[in-house]
Amino acid sequence: MTKWVYSFGGGSAEGSSELRELLGGKGANLAEMSSLGLPVPPGFTITTEVCTAYYDNEKKYPEALKDQITEGIAQVEKIVGAKFNDMDNPMLVSVRSGARASMPGMMDTVLNLGLNDETVEGLSKRANDERFAYDSYRRFIQMYSDVVLGVDHHHFEELLEIHKEVKGYDLDTDLTGADWKDLVGQFKAKVQEELGKPFPQDSEEQLWGAIGAVFDSWMTNRAIIYRRLHDIPAEWGTAVNVQAMVFGNMGEDCATGVCFTRNPSTGDNEFYGEFLINAQGEDVVAGIRTPQPLTIAERESSDNDLPSMEDVMPEMFNELDRIRHKLEGHYKDMQDMEFTVQSGKLWMLQTRSGKRTTKAALKTSVDMCNEGLITKHEAIMRMDPNQLDNLLHPMLDPNAPRNVLTKGLPASPGAASGKVVFSAEDAEAWVGRKEKVILVRIETSPEDIGGMHVAEGILTSRGGMTSHAAVVARGMGTPCVAGAGDVLIDYAAKSINVRGTIVKEGDVITLDGSLGELILGEVEMILPEMTGDFGTLMLWVDEVRHLGVRTNAETPSDAATARKFGAEGIGLCRTEHMFFDAERIIHMREMILAKGEGQRKEALAKLLPYQRKDFADLFTIMEGLPVTIRLLDPPLHEFLPHTEEDMAEVAKAAGIDVETVRSRAEELHESNPMLGHRGCRLAVTYPEITEMQARAIFEAAIEVTKKGGAAVVPEVMVPLVSTHRELSMLKTVIDDTAAAVMKETGVTIKYMVGTMIELPRAALRAGDIAESAEFFSFGTNDLTQTTYGLSRDDSASFIQIYQDKGVYDGDPFVSLDQEGVGELIQIAAERGRKTRKDIKLGICGEHGGDPASVHFCHKAGLTYVSCSPYRVPIARLAAAQAVLEEEK
């Protein structure tokens, strides 16, 4: 018989951390902590296989599940000495989700389950505290109604606020037992009003309702979005954890909290967290009450007046600190732990690998290696390459003026400027219009995940360092300032009031997530320093990787940035970008409007000095590293004006009438320019363009060499080749030009001629093409377009639909299609090497900075990848990880 339920508690467990896929992360870690002898409330885990069966069988459970759950409940009853659904000595349980990948806040939880009109009296007598019992009951009604019955929580919050207003109370803690008892009646009446039926009183019915709600939450929109953003497969499913309740809200010797074995924002090796006395877990993360710091050091560094746990519960704190060290040593990773203190006894409710900022991830990996906890290779594998992107972008210039409106909590470091929006939907809409936005909310909820993902930064007026906004922002690497109490948000007016300063929707603000500052307007930013822990990790990475990493760059600024990030050359210099400068576009248009070869050559001669200087600048910055220069690629019509005003300006500059310009533009117009007169086809038609560009390349290389620079070996790349004849013909033009320049200058240099493989035919005929090509650079953007028959610019409207419906696993323009496009690359590599053993092979599309694509390139035996400057460290790390994964 299939085992669907695994028990834990009482110093032993049926599962372990090795069963993560079956028990989910939470269940596996609860079992592991139980086996380690830590104080864990007993319970059981319903496996992820039940979730799969639930959805495969029209939301019906396996037959044996009911009996196994009944047995699991009985075991928990035996350990805790209380009975489920018992009037005199009731056992209450929590019901929580637990997927194998952490999805904080995305799925549903129910606490205090088992309370009803009879068991609440038993709980009151046992605890000798009516207030605690009815506070727990009202929490249960509100949570269960929202999560299971579909009665929105705001109904209950409104009743509570009205009651407090009538009674003259400011805080929830002001309410008495009689108040909570009265509100329980009001809450039940609201459920009856909304649903037309009473709140369920049978504990078993409550339990099955909560289990079903957790499984249902796996397929909510927020969970689907989160899984898509974090590449978590839907088929993994979630487990359900049913666990005996322990209470942090039974009095002043009770507490609840969240803590991290190291600082999740900075990575510093310091105990870090928040707690609340006389509270339940949701109070800490929901921002209902201001959390207290865990340690004295935290309290002093944050100027917090509230006493720390170390101050007021020293024995419990010391026990928690011992557990902190034990768990981090056991898991060899920074842990995120949840705990409750009930009547002076500490209970551990959860441990998991802690969500952390990229800065913290980097620091913990390097520090743990230096401390001997993990190896260099483990430190490399610990880092998510995509996360590095968060370290590489500009930060606020410390010397720039800033108009600080207020300070909140530094919930997620980094800096961001953008226009204020007040809803997740508006954030997504504005970003769709290419606006940068800051999402401003009183507090975020899982439904805000879409807007949080696209926002440059997040600001909340409520919540602490472990609030939903803080945890999710840190996981995304998005700057966040939380709990900014001075920020009064008016959703209706779409404005905020900060101590009298009004900021409206669309106004620009800046967040400094490292300091917790809200700043009016935009603040200048600077590039981060690539030293310290980052430099250490990159040294370890470069010791391991085999694959070279170059950059795509055509400006001195981009080239210099890429060098700083460790680029080993330029894998793609797009020469067409150099022609759009105002001084040059005039001559480019002259060339296009020319009536014959003679006039074209005159216009090209005016462009030659610009091109020569451009290339000389790049060669100088690269100091002898390889530079691959792609000859003109786009169709000529892209350089011509489109408006009447611009056409008139061009006509005047060229000394011709507007009609001639309009006529030439119409003549060059193509129905499908991506497959039209571009790339090598232009060069075959107008070889003088290739001749000018080749001359600029070779003259620049010789000029830099003559000035004492490192020897330059330029790589001249012909785009969009589909036949050997095209490349052979243009190679002759390039070679003849090189010979002429060397003869004129009396200087001999080495150079290479190669081609982009961006058409399926070129990949299939790579053996022939390699007769003339000394290198192949796979242009995976166009190769993907031509392999799929998809336009990258036009397919965005339905690519997501294809992913949602399971047609595509991912966007092939984001991560390389290894089956189709990848096979073409492998074919071309194999056939190219058969003709020319020492042929260089690289890729230069956007895929060059995608970790999964880098792994493929390593396996395919390519020489290098080339990517945008800010993706260079990401590609370096991914290349090292590819080696280490291969060695497993």
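Me: What makes the contact between the side chains of lysine 164 and aspartate 172 a salt bridge?

Reply: Happy to start there. This is a predicted model, in which local features need pLDDT of at least 70 and side-chain atom pairs count only at pLDDT 80 or more, while totals for chains, interfaces and linings use all residues. Residues are numbered from 1 along each chain as its sequence is written, and side-chain values use heavy atoms, with hydrogens and water left out. A salt bridge is a side-chain nitrogen of Lys or Arg within 4 Å of a carboxyl oxygen of Asp or Glu. For lysine 164 and aspartate 172 the N to O distance is 2.8 Å, so the pair meets the definition.

Me: Why is lysine 164 called buried, and how does aspartate 172 count?

Reply: Buried means under 20% relative accessible area, exposed means over 50%, and partly exposed is in between (1.4 Å probe, protein chains only). Lysine 164 has 7%, so it is buried. Aspartate 172, at 18%, counts as buried too.

Me: How many salt bridges does the structure hold?

Reply: There are 58. In general, side chains of opposite charge can pair when their charged atoms come close.

Me: How do you know that aspartate 512 forms a salt bridge with arginine 402, and what does the pair tie together?

Reply: Their closest N and O atoms are 3.2 Å apart. Aspartate 512 lies in strand β24 (residues 508-512), and arginine 402 is in the loop between β14 (395-396) and β15 (403-407), so the pair ties together parts that are 110 residues apart in sequence. Those element names come from DSSP runs numbered from the N terminus: helices are H or I with at least four residues, strands are E with at least two. As for accessibility, aspartate 512 has 8% and is therefore buried, while arginine 402 has 25% and is therefore partly exposed.

Me: What makes arginine 545 and glutamate 568 a salt bridge?

Reply: The closest N and O atoms of arginine 545 and glutamate 568 are 2.8 Å apart. Arginine 545 lies in the loop between α19 (532-544) and β27 (548-552), and glutamate 568 in the loop between α20 (556-564) and β28 (570-574), so this pair joins parts 23 residues apart in sequence. Arginine 545 is buried because its relative accessible area is 11%, and glutamate 568 is partly exposed because its value is 32%.

Me: Which residues are linked in a network of salt bridges?

Reply: They are Glu576, Arg630, Asp633, Arg678 and Asp782. Aspartate 782 lies in helix α30 (residues 780-788), and with a relative accessible area of 12% it is therefore buried. Leaving out residues up to four places away in sequence, aspartate 782 touches Met674, Arg678, Leu720 and Glu758, where contact means heavy atoms within 4.5 Å.

Me: Why are α5 and α7 called roughly parallel to each other?

Reply: Two packed helices are described by the angle between their axes and the distance between the axes. Angles under 35 degrees count as roughly parallel, over 145 as roughly antiparallel, 65 to 115 as roughly perpendicular and the rest as oblique. The axes are lines fitted to C-alpha atoms, for helices over the stretch in contact, and angles run from 0 to 180 degrees between N-to-C directions. Helix α5 (residues 130-149) and helix α7 (residues 177-195) cross at roughly 20°, their axes coming within 8 Å, and α5 and α7 are therefore roughly parallel. Among the contact residues are Tyr134 and Ile141 of α5, and Trp180 and Phe187 of α7.

Me: What makes α3 roughly perpendicular to α8?

Reply: Helix α3 (residues 65-80) and helix α8 (residues 203-217) pack at about 115°, with their axes 13 Å apart, and that angle makes α3 roughly perpendicular to α8. The contact is made by Leu65, Lys66, Ile69 and Ile73 of α3 and Glu204, Leu207, Trp208 and Ile211 of α8.

Me: Is arginine 499 buried or exposed?

Reply: Arginine 499 has 65% relative accessibility, so it counts as exposed. This residue sits in the loop between β22 (495-498) and β23 (501-504), and has a positive phi of about 50° although it is not a glycine.
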